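This report describes one protein chain for a reader who is new to structures. Please look at the sequence and the model before reading on.

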Amino acid sequence: MSSDERSDEAFAADVRAFLAEKFTPDLKAMTARQAGVFAEGELAERWHNILYEQGWIAPAWPEAYGGPGWTARQRAIFSEACARAGTPKLPGMGLSLCGPVIMRYGTEAQKAFYLPRMLSGEHRWCQGYSEPQSGSDLASLQLRAVPDGDDYVLNGTKIWTTHAHTSNWIFLLARTSTEGKPQEGISFMVSPMNAPGISVRPIISMSGEHEVNQVFFDNVRVPIANRMGKENEGWTVAKYLLEFERGGGTSGPAMEVALGRLKTIAGDEENGSGGSLLDEPGFRARTAELEIRMAALDWTERRLNGGKATGESVGQGAASMKKLSAAEGGQLIEELAVEALGAYAAADQRSALGVHANEAPIGKAHALTPVARYLNGRANTVFGGSSEVQRNILARTVLGL
Ligand SMILES: Cc1cc2nc3c(=O)[nH]c(=O)nc-3n(C[C@H](O)[C@H](O)[C@H](O)COP(=O)(O)OP(=O)(O)OC[C@H]3O[C@@H](n4cnc5c(N)ncnc54)[C@H](O)[C@@H]3O)c2cc1C
C-alpha cells in the first residue's frame with residue numbers, strides 16, 4: 001500500500017513538472033554525448049544528487065529503508081517519464097543490486113551503515129563476481145578468502161568490473177572453502193576499494209570507452225563483519241542478487257525511445273529515390289517487427305512489475321525472460337540504426353563523445369552515438385549472464401527440462 005495518495009494523473013503531472021525543471025538543458029546536452037551503459041562522472045553525480053534531494057533516488061526500495069512509498073503503477077509512471085525525457089541512466093550496482101541483498105541478508109548494523117550511504121551516493125558500488133576463468137560458470141570462482149583473526153585475507157582477481165575505477169566500494173564473491181560442491185564454498189562480502197592490496201587495471205572497450213576493469217587482490221584484509229549471510233552460503237545470496245540484475249527495472253520505455261531515435265534517423269536519411277528510408281517497405285517491415293517485439297516486452301514487464309511489492313524480485317525464470325528479450329531487442333534496434341546511418345557509420349566520432357567533449361559530431365547530430373551504442377550493445381547479451389545461459393535457466397525453471 002502506498003503512503004502516496006495522489007491520483008495517477010496528479011502523480012504523472014508532478015513527475016513531468018519535476019523533470020521539466022530539473023533535467024536542465026546542460027544535463028540534456030551532457031547526456032546526449034554519452035553512449036555507455038551507465039552515466040558517468042559529473043553527470044551521474046549531479047543527477048543522483050537531484051533525485052536524492054527529491055527523495056526519489058530509490059523508487060523500488062521499501063519506504064522503511066528510504067524508498068518514496070510509491071505503488072507499482074507510480075513506479076512505472078516515473079520510470080516511463082524518465083525514459084521518455086532521456087534522463088541519465090545511473091549505475092545500479094549499489095541501489096538496484098547490492099541494496100536488496102543488504103535488506104534481505106544484512107545484519108541491522110550493516111543495514112544502518114550501508115543503506116543510507118548508498119542512497120546519498122557517498123558509497124559508489126561495483127560488482128566483483130566474474131573472474132578470468134569464471135563467468136557463466138560462476139561457481140568455479142577462485143578468489144580466495146582465508147580467515148585470519150577478525151579478518152579474511154583475500155587473494156585473486158576479478159574481471160569486467162564495471163566502474164571499479166570510479167567506485168569506492170565493491171561487493172564480491174570469494175571462495176571460503178574448497179570442500180564439497182563448488183557452490184557450497186562461496187561467501188558474499190563487501191570491501192572499500194581503497195583497502196591496501198586492491199589495484200585496478202583499465203580495460204578499454206572497442207567503442208573506445210573505459211567502463212570495465214580488472215581488479216587485483218593482493219593480501220587484502222576484509223573484516224569478517226563485512227560478510228553478508230553465512231560463511232559458505234554466499235551462492236544463495238549471489239543468486240538472489242542476479243534476479244535483480246536480470247529482472248529489475250523496466251526496459252520497455254527505453255526501448256520505445258530507442259525505436260523513436262531509429263525512426264528519426266530513418267526519416268531523415270534519403271532512400272536514393274526521392275523519399276526517406278522510412279518510406280522503404282523493407283525497412284518499415286523490420287521496424288514494425290521490432291515495435292511488436294518491444295510492445296510484448298513492455299506489457300510483460302508491466303504484468304510482472306505490477307504484481308510485485310517494493311524491494312521484491314520477479315523470480316529467476318521471469319528475470320531471465322526479461323533480460324533476454326531486452327538485450328536481444330536492444331541489439332536489433334542498434335543494428336538497424338547503424339544501417340540507417342549509411343556512410344556516416346564509418347566516421348570516427350570518438351572526440352565528440354563523452355560528457356565533457358566539445359567537438360561537433362561528423363555529419364548530422366543524430367550520427368553521433370549510434371555506432372558507439374551498437375559497439376557497446378554487443379555486451380548486452382554477455383553481461384548479467386549470456387543469452388545462452390538465460391535460455392538454459394528458462395529451460396530449467398519454466399519448461400522443467
Ligand atoms: C561490458 C561488460 C560488463 C560487465 N560487468 C561486470 C561487472 O560489473 N561485474 C562482474 O562480475 N562481471 C561483469 N561482466 C562479466 C559478465 O558477467 C561475463 O562476461 C558473463 O557472465 C559471461 O562470462 P564469460 O565472459 O566468462 O564468458 P564464458 O562464460 O566463457 O562464455 C563464453 C561463451 O560460451 C557460452 N556458454 C557458456 N556456458 C554455457 C552453457 N552452459 N550453455 C551454453 N552456452 C554457454 C556463453 O553464452 C558465451 O557465448 C561484464 C561483462 C561485460 C562484457
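H163 counts as buried because 21 C-beta neighbours lie inside 10 Å. A residue is called buried if 20 or more other C-beta atoms lie within 10 Å of its own, exposed if 12 or fewer, and partly exposed in between, with C-beta atoms placed from the backbone. H163 sits in the loop between β3 and β4 (169–175). Its phi is near 60°, a positive value in a residue other than glycine. Helices (H or I, at least four residues) and strands (E, at least two) are DSSP runs, numbered from the N terminus.

N232 also has a positive phi, near 70°, and is likewise a residue other than glycine. N232 is found in the loop between β8 (227–228) and α7 (234–247). Is N232 buried or partly exposed? N232 is partly exposed, because it has 16 C-beta neighbours inside 10 Å.

## The model and its overall form

The structure is a predicted model, in which local features need pLDDT of at least 70 and side-chain atom pairs count only at pLDDT 80 or more, while totals for chains, interfaces and linings use all residues. Residues are numbered from 1 along each chain as its sequence is written.

The protein chain has twelve helices and eight strands. Its C-alpha atoms fill a box of roughly 75 × 50 × 50 Å along the principal axes. Of the 401 residues, 41% are buried.

Two residues are in contact if their C-beta atoms, placed from the backbone, lie within 7 Å. Among contacts between residues at least 6 apart in sequence, 72% join residues at least 24 apart.

## Domains

The domain assignment gives domain 1 (8–90), domain 2 (125–232) and domain 3 (248–397). Such bounds come from an automatic or database domain assignment. The centres of domain 2 and domain 3, taken over C-alpha atoms, are 31 Å apart. Five residues from domain 2 and six residues from domain 3 take part in the contact.

On the side of domain 2 that touches domain 3, there are one nonpolar, four polar and no charged residues. Here Ala, Val, Leu, Ile, Met, Phe, Trp, Tyr, Cys and Pro count as nonpolar, Asp, Glu, Lys and Arg as charged, and the others, Gly among them, as polar.

## Paired strands

Strands pair if DSSP finds at least two bridges between them. Strand β2 (residues 144–148) and strand β3 (residues 151–159) run antiparallel and are joined by five bridges. D148 has D151 in β3 as its bridge partner. The two strands form a hairpin with two residues between them, and G149 in the turn has a positive phi of about 65°.

β3 also pairs with strand β7 (residues 210–223), in the antiparallel sense and over nine bridges. In this pairing, K158 has V215 in β7 as its bridge partner. On β7 there is a further antiparallel pairing, with strand β6 (residues 198–204), over seven bridges. R201 stands opposite Q214 in β7. β6 and β7 form a hairpin with five residues between the strands, where G208 takes a positive phi near 90°.

## Nonpolar cores

A nonpolar core is a set of buried Ala, Val, Leu, Ile, Met, Phe, Trp, Tyr and Cys residues joined through C-beta atoms within 7 Å. The largest such core has 55 residues, and those with the most contacts inside it are L154, I170, L173, A174, M189 and A238. Helix α5 (residues 93–105) gives the most to this core, with seven residues. Domain 1 and domain 2 both give residues to this core, so the core lies between them. Apart from it lies another core, of 30 residues, including M294 and L368.

M189 touches Y152, L172, A174, V222, N226, R227 and M228, leaving out residues up to four places away in sequence.

## Two loop residues

W56 lies in the loop between α3 (41–54) and α4 (72–85). W56 is partly exposed, because it has 16 C-beta neighbours inside 10 Å. Neighbours within four places in sequence aside, W56 is in contact with L51 and P68.

G92 lies in the loop between α4 and α5. G92 is partly exposed, with 19 other C-beta atoms within 10 Å. G92 and C126 are 34 residues apart in sequence, and their C-alpha atoms are 8.9 Å apart.
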